[in-house]
Structure formats: C-alpha cells, structure tokens
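I opened the model to look up its salt bridges. My notes follow in the order I took them.

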Amino acid sequence: MSDPLVVNDALTAPAALLSWSAVRASGPGGQNVNKVASKVELRFDFGAWPELADDAKVRLRVLARGRLDAEGRLFIVSQLTRDQLRNLDDAREKLRALILRALEVPVQRRPTRPTRASKARRLDEKRRTGEKKHVRRGGGDHE
C-alpha cells in the first residue's frame, strides 16, 4: 500500500497499517471475470493505530463486528466495478466512512420526568376511555 488514508483534517491512517490484495470477482463480466483480478480486499489494523482514541476503537469494533478477521483487523471488500483501482478507491472510501462514524461520540440521554400537566392529560384520557367502555357495556347512565 503506497498511500496513507486521510480520514479528516486531524486524522490520517498510516499506509503501514493498510494492506490490500486483488482477487477474482464473482458475478457478470464474461470471459474477463476469469482472467482479471478486479475484486479488492482491504485490511486495516486499527488496533495498532496509536492516534485513534480507545473509545473510538471500541465503537469501530462494534460497528464492524461482522468485518473483523481472525487477527482483529478490519476487512473490507469491494467489487463494485470491473476496474481494480476504482474498487480500491471504493474500499478506501468505505473504510474512511466507517472510521468517521466511529469518531462520532454518541450523545448521552438524560432521563427526564413527565410534567404534572402531561400526567393529568394521561389520567384524563384514561378516565374518558374507561367511561366510554363502561357505556358500551350497558352499565352507564350516560347519554
């Protein structure tokens, strides 16, 4: 791998942590599919990337749980086109998008309590529903 992966302005994955291989793609392509290795398999060892925060590594591991290989490296496949370099660019873009999603810190939900007015509305609606059912049963004096 020759180029590092620029994730954003502050973060760039070193080329040493990225490795890729080309294999024969499945699907349509005629005779070409049997001769040309256009499918790209990209591996990224994000565990060895010191610039990536530990919490982001945990989120990345959760996001990519189905794409981890036996060594814990992220495994991304692209066979979008019949061109190897375009598939490599596509795989790198998929990796970049996944890392960007892992960098987003989720907002902690702060539990709230229902207001007095919302409790009153709920109880009022509950009472009306009960009265309606009581009338339907024939037990009501209401008209």
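**Entry 1: a pair in a helix.** I started with R59 and D55, whose side chains meet in a salt bridge, 3.6 Å from N to O. This is a predicted model, so I read each distance as a property of the prediction. I then looked up where the two partners sit. Both R59 and D55 belong to helix 2, which covers residues 54-63. They are 4 residues apart, about one turn of the helix. I checked the surface next. D55 has a relative accessible area of 41%, so I noted D55 as partly exposed.

Entry 2: Which residue forms a salt bridge with D69? I found R73, with the closest N and O atoms 3.1 Å apart. I also looked up E71 and found a salt bridge to R73, again with 3.1 Å between the closest N and O atoms.

Are D69 and E71 buried or exposed? D69 is at 18% relative accessibility, so D69 counts as buried; the cut-off is under 20%. E71 has a relative accessible area of 57%, so E71 is exposed; that class begins over 50%. R73 comes to 24% and therefore counts as partly exposed.

**Entry 3: a network.** I moved on along the chain. Here I found a network of salt bridges linking D124, E125, R127, R128 and E131.

**Entry 4: the count.** How many salt bridges does the model hold? I logged a count of 11. Among them are R59 with D55, D69 with R73 and E71 with R73.

Methods
Residues numbered from 1 in each chain as written. Predicted model: local features only at pLDDT ≥ 70, side-chain atom pairs only at ≥ 80, totals over all residues. Heavy atoms only, no water. Salt bridge = Lys/Arg side-chain N within 4 Å of Asp/Glu carboxyl O. Helix = DSSP H or I, 4+ residues; strand = E, 2+ residues; numbered from the N terminus. Buried < 20%, exposed > 50% of the residue type's maximum accessible area, 1.4 Å probe, protein only.
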